[in-house]
Structures are given as structure tokens and as C-alpha cells.
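Dear colleague,

Please find below the structure that I am handing over to you. My notes on its salt bridges and on one of its strands follow.

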Amino acid sequence: MTFLAKAPEPLFLFGRPWLPPPWHASDDRVRGGCSRSSLSALPYNCAVFDGHLDIKALGGAGFASQLQSATPDPNDERTTTGDATWDLSPYDGLEIDVRAGDGKIYMLLLKDETSGDKRGDGRERAGISWEAEFGLRKSGEHEDGQERGGQIVWVPWSALKPTYRGKEKQDAGKLKLGEIKRLGFMMRSKEISVWN
């Protein structure tokens, strides 16, 4: 993935070693669902986001996602110490280089705040997510009939909408691009699905 302003500049390189905290699952199992997801690093600066989405257990409300929290990095001026954030305000959006698509719909998630509160079971309380939906074509398919391997998905910041537990939140204010605390990907659908 790269964030673009005047020139491409990578934020995550999936091929480099991941240090704790890694990407972590935030699936509907936190509400009693059965969905699961994973994100695994592969060689050549790429990763695989895969899993199983089950909407039956929660009556149509299934979701599976992977989140990465900002962590302080002394070699990266985009992170700060303490309550780590990424300053993405100089950029216009996010470019996702997809090596192989599956024809499904995904969500990009950004969070500019975390509740900091823990529930009785130790999990963090829900908060506002900024989401943008994007579709992937199946590898080998293209509108002009030409076979292509990957695709580039461009998500401008203006495409992100505030949500709370999957429902749009009208009074959320503006996304604080200078204070991004989490970035993630989500799969949610109207049907049971296995993806990768």
C-alpha cells in the first residue's frame, strides 16, 4: 500500500519483518458470531487478507476485519511517541496495489480515535470508524476484455464515511488525518463467503 501526495511513498511494506503489535483480527466473534480473518505477510512486499464470513450466527450482521495500530518508530517521522498516530494530512488518499482479486467488495477502515475504555471482558469499546467500500475484479478479468493480473485501487479521503458499528454516523465531525491511530480492511456481505 502506498499513500500518495507528490510521489508514491510506502506506509507499509508487507515484505519487511513485522514487529509487535502485528495486524490483529477484529471479527464478529466479539459479538458471538462465527466469522474469522487473517492477514499474512508474503515475500515481494505483499500480503494475503483471507477468512470466512458467516452472517447466519448474527442474523445478517457478520463482519471480519484486520486492523493495524500506529506504533512509535524512531526511524519514521509519520509516527509519534506515546499515543502513536500517523500524520496522513499531506496526502490525498490511499492507493492499494492488489496483486490478485476475487470479485468481492471490501472496506478500507481508518480510525482517528480510540475509546481507550475497556469492557469487563478486556476488549476495547466500539468507536467511530471511517470507511470506504471498494470492489475487486477477479484476477484475469478486465472491462476491455484484456487479461490482467492485478489492479490499483485509489481511495481518496473524501470517499471515507463515518460509521458506528456499521451504521453511518451523521454527527461525527471531520476525519482528523493528522491523528490516524488505526488502519484496516474489512469484509462484510449479505451472504456467507470465503475469500482470499
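Is Glu 131 buried or exposed? Glu 131 is buried, with a relative accessible area of 6%; buried means under 20% relative accessible area, exposed over 50%, and partly exposed in between, using a 1.4 Å probe and protein chains only.

Please note that this is a predicted model, in which local features need pLDDT of at least 70 and side-chain atom pairs count only at pLDDT 80 or more, while totals for chains, interfaces and linings use all residues. Residues are numbered from 1 along each chain as its sequence is written, and side-chain values use heavy atoms, with hydrogens and water left out.

Salt bridges

The structure contains five salt bridges, a salt bridge being a side-chain nitrogen of Lys or Arg within 4 Å of a carboxyl oxygen of Asp or Glu. Three of them are described here, beginning with the one that involves Glu 131.

Glu 131 forms a salt bridge with Arg 188, with an N to O distance of 2.6 Å. Glu 131 belongs to strand β9 (residues 128–135), whereas Arg 188 sits in the loop between β13 (182–187) and β14 (193–195), so the pair ties together parts that are 57 residues apart in sequence. Strands (E, at least two residues) and helices (H or I, at least four) are DSSP runs, numbered from the N terminus.

In the salt bridge between Arg 99 and Asp 97, the closest N and O atoms are 3.9 Å apart. Arg 99 is partly exposed at 45%, and Asp 97 is likewise partly exposed at 43%.

Strand β8 and its partners

Strand β8 spans residues 105–111 and is mostly covered, with six of its seven residues buried. Two strands pair if DSSP finds at least two bridges between them. β8 runs antiparallel to β9, and six bridges join them; within this pairing, Ile 105 has Gly 135 of β9 as its bridge partner. β8 also pairs with β13 in the antiparallel sense, over five bridges, and there Leu 110 is partnered by Leu 183 of β13.

Yours sincerely
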